[in-house]
Amino acid sequence: MAKKKLNSSAPRPGRSVTDETLNTADLPPAQVVVSLPMNSANNTRNLDFAKYYGKCCDVLVYACQRVLEGMARACTESGGKTVGPTTIVTYFQNGLSVFIPFCATMAAALGRELHLDDIDREFMDQFLANLRQSLASPTYQKNRYNHTKSVLKVMAQSGWIAKDIFPLNPFPHSNRKLKGVTALSEPERLSVMQALKTDMRTIFRGSGPLNANELTVCLLAIAARTGINPTPAIELLTDCLQPHPIKADRYVLVSFKRRGSN
């Protein structure tokens, strides 16, 4: 395969020496799969970029792959205190799965390989226009854009693309268009709580290790009682119950919140 140099030397805002770490001489790379840490709440363990190479935007695909590799490595080294595996999967499946095919379409329209310098404000405006032309809901469009932006911002911080390419508030008042989940009525809530109470009594009377169904019941009971979010609930440690600092007959439930890193 012939070597190709797709990195432009033209000056651009935010360019830094870290550009040298993005070797685009031989693409696609030998390794095209990003491996995720095993503590992910999502079942996905590998992100395969193979299908995105060979469509005249290899340098962009490689840059995206490098960003997710860096996120996965930082997650492992920090013990999950940085961007978590589930979030990385979301960036790949709900962001790049839309953005990279758009880049391939733009490369075909230009009739040449797509360069990193092509990712500018006009390019992002065209990407937004493409999202708006779809039949997807405004919430879908906003999520796809935000997940893509999270990856591109890391590329900008590394100096691989310009920093001033993102329009301000491209989805104004989008929160007003989102309908929240309807809460359970009081009779429904009482019915759920009664069912949980019955199942918990059965569990308390038993002995030995809990099966998957019993663990799920316990998790739902904890969530109903505390309002804990799904990911912190799933990642509760075996020592999550700590003695109450004041009341001897009580315990404190300790969980980890990724966003606040505490």
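Is the crossing of helix 3 and helix 4 left-handed or right-handed? The crossing is right-handed, where a crossing counts as right-handed if the near helix is turned clockwise from the far one by less than a right angle, and as left-handed if anticlockwise.

1. Basis of the note. This is a predicted model, in which local features need pLDDT of at least 70 and side-chain atom pairs count only at pLDDT 80 or more, while totals for chains, interfaces and linings use all residues. Residues are numbered from 1 along each chain as its sequence is written, and side-chain values use heavy atoms, with hydrogens and water left out.

2. Helix 3 and helix 4. The axes of helix 3 and helix 4 (residues 138–157) are 10 Å apart, at an angle of about 155°; helices are DSSP runs of H or I with at least four residues, strands are runs of E with at least two, and both are numbered from the N terminus. Axes are lines fitted to C-alpha atoms, for helices over the stretch in contact, and angles run from 0 to 180 degrees between N-to-C directions. The two helices are therefore roughly antiparallel, a term for angles over 145 degrees. Met124, Phe127, Leu128, Leu131 and Arg132 of helix 3 meet Gln141, Arg144, Tyr145, Thr148 and Leu152 of helix 4, contact meaning heavy atoms within 4.5 Å. This contact has 6 nonpolar, 2 polar and 2 charged residues (nonpolar: Ala, Val, Leu, Ile, Met, Phe, Trp, Tyr, Cys and Pro; charged: Asp, Glu, Lys and Arg; polar: the others, Gly among them).

3. Helix 2 and helix 3. Helix 2 (residues 85–110) and helix 3 (residues 121–133) have axes that come within 11 Å and cross at roughly 115°. Helix 2 is therefore roughly perpendicular to helix 3 (65 to 115 degrees). Helix 2 passes helix 3 in a right-handed crossing.

4. Backbone points. The peptide bond from leucine 27 to proline 28 is cis, with omega near 0°; proline 28 lies in the segment before strand 1 (33–35). Cysteine 56, in the loop between strand 2 (46–48) and helix 1 (58–77), has a positive phi of about 65° although it is not a glycine.

Note on methods. Angles under 35 degrees count as roughly parallel, over 145 as roughly antiparallel, 65 to 115 as roughly perpendicular and the rest as oblique.
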